[in-house]
Amino acid sequence: MEKRPLGNTGQHSTVAILGAFAFSEATREETDRAMELVLDTGINHIDVAPSYGHAEKMLGPWLARERERFFLGCKTTERDRESAARELRESLERLQVDDFDLYQIHAVTTDEDLDQVLEPGGALEALVEARDEGLTRHLGITGHGEEIPQIMLRALNEFEFDTVLFPINYIQYTDPTYKLHAEKLIEVCKERGVGTMIIKAIARGEWGDQPQRYNTWYEPFDTLDKIQTGVNFALSQDVTGICTTGDLTLLPKVLKACQEYRKLSEGEQQALIEKGKEYRPLFPLQEE
């Protein structure tokens with residue numbers, strides 16, 4: 001599988017980054033089976049969080065044995081220094097590791113969220129202290145929502161984060177404002193050596209009133225051809241990689257799509273964006 005630089009971290013991550021939300025409700029047998037597939041596929045980067053059900057406990061035995069195989073990223077949704085520091089250490093314990101490669105402020109969706117983590121006594125102080133103590137090597141920030149590219153751009157101007165994580169898919173790119181700011185964010189990240197990780201690459205839209213068939217809060221595309229299309233589009237952007245789906249039954253298809261990724265031409269990408277207008281974006285269209 002193709003590997004790409006994660007900004008200036010020195011890490012070259014597989015374009016498929018294991019999204020550990022998939023283990024949020026998994027049994028031990030399901031986790032072990034999925035991790036064997038992950039190892040066979042050569043995935044070398046894991047993204048996990050304490051808010052992902054019992055994913056950390058499921059991954060712990062694997063990381064105790066296989067820590068050297070993976071670039072390990074974790075997150076906190078806490079917004080103050082003390083709580084974030086505590087959550088970081090609890091994650092280390094559950095994951096059975098001594099340190100992280102990347103620790104991220106998670107789910108920043110508004111300017112108010114960002115203000116909280118940046119202010120004196122905010123979560124960012126805990127992350128910087130953890131880096132100074134050798135508990136993590138790199139620091140990042142994540143978010144999702146219709147204004148997240150702008151918020152990530154502001155975050156990068158406020159602090160030298162090593163990575164960002166945010167949504168891209170061809171349906172969301174039907175919003176010209178989102179597309180404009182997402183492309184600007186990617187450009188700035190490239191200029192500054194910031195790693196870029198993408199989520200929601202195979203998002204079709206909201207579940208609405210229909211039954212939730214997968215372990216994802218959004219409705220995903222679930223056929224191999226449509227998953228391949230979503231993966232091809234996301235990875236055709238100048239990004240490091242995509243976090244895999246939150247549903248274990250779809251994981252093999254996403255990994256296969258990442259293995260068979262084909263870069264799309266500008267014309268092919270634009271055609272997909274036009275096709276994306278048949279759907280309703282996961283995040284509402286912004287006013288132009």
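Which residues does Gly 195 touch, not counting residues up to four places away in sequence?

A: First, the ground rules. The model is predicted: local features need pLDDT of at least 70, side-chain atom pairs count only at pLDDT 80 or more, and totals for chains, interfaces and linings use all residues. Residues are numbered from 1 along each chain as its sequence is written, and side-chain values use heavy atoms, with hydrogens and water left out.

Gly 195 touches Leu 6, Gly 7, Asp 162, Thr 163, Val 164 and Thr 240, once residues up to four places away in sequence are set aside. Contact here means heavy atoms within 4.5 Å. Gly 195 sits in strand β9. Strands are DSSP runs of E, at least two residues, and helices are runs of H or I, at least four, numbered from the N terminus. Gly 195 counts as buried because its relative accessibility is 0%. The cut-offs are under 20% relative accessible area for buried, over 50% for exposed, and partly exposed in between, with a 1.4 Å probe and protein chains only. Met 152 is 43 residues from Gly 195 along the chain, and their C-alpha atoms are separated by 12 Å.

Thr 240, one of the residues that Gly 195 touches, is also in contact with Arg 4. Arg 4 belongs to strand β1 (residues 3-5). Its relative accessible area is 11%, so Arg 4 is buried. Apart from neighbours within four places in sequence, its contacts include Gln 11, His 12, Ser 13, Val 15, Leu 235, Gln 237 and Val 239. One joins Arg 4 to the side chain of Glu 2 at 2.9 Å. The other goes to the side chain of Tyr 261, at 3.4 Å. A polar contact is a pair of N or O atoms within 3.5 Å; within protein, one must be able to donate a hydrogen and the other to accept it, and residues adjacent in sequence count only if both atoms are side-chain atoms. Pro 284 is 280 residues from Arg 4 in sequence and 31 Å away in space, C-alpha to C-alpha.

Now follow the chain past β9. Lys 200 is in the loop between β9 (195-199) and β10 (203-205). Its relative accessibility is 10%, so Lys 200 counts as buried. Lys 200 also has a positive phi, near 65°, and is not a glycine. Most residues other than glycine have a negative phi. Gln 96 is another non-glycine with a positive phi, about 60°. Gln 96 lies in the loop between α3 (81-95) and β6. At 44% relative accessible area, Gln 96 is partly exposed.

Asn 169 is in the loop between β8 (163-167) and α7 (176-192). Its relative accessible area is 4%, so Asn 169 is buried. Beyond neighbours within four places in sequence, Asn 169 is in contact with Lys 200, Ala 201, Ala 203 and Phe 233.

The largest pocket has a volume of about 420 Å³. Of its 26 lining residues, Lys 200 is among the closest to the centre, along with Phe 21, Tyr 52, Ile 199 and Trp 217. A pocket is an open set of points on a 1 Å grid over the protein atoms alone where a 1.4 Å probe fits, with protein on both sides within 12 Å along at least five of seven lines; lining residues have an atom within 4 Å of a point. Points are joined across faces, edges and corners, and the volume is the space filled by probe spheres set on them. The lining has 12 nonpolar, 11 polar and three charged residues. Nonpolar covers Ala, Val, Leu, Ile, Met, Phe, Trp, Tyr, Cys and Pro; charged covers Asp, Glu, Lys and Arg; the others, Gly among them, are polar.

Last, back to Met 152. Met 152 is one of the buried residues of α6, with others including Ile 148, Ile 151, Leu 153 and Leu 156. The buried residues of α6 pack against α4, β7, β8 and α7. Leu 153 counts as buried because its relative accessibility is 15%. Leu 153 touches His 181, Lys 184, Leu 185 and Val 188, not counting residues up to four places away in sequence.
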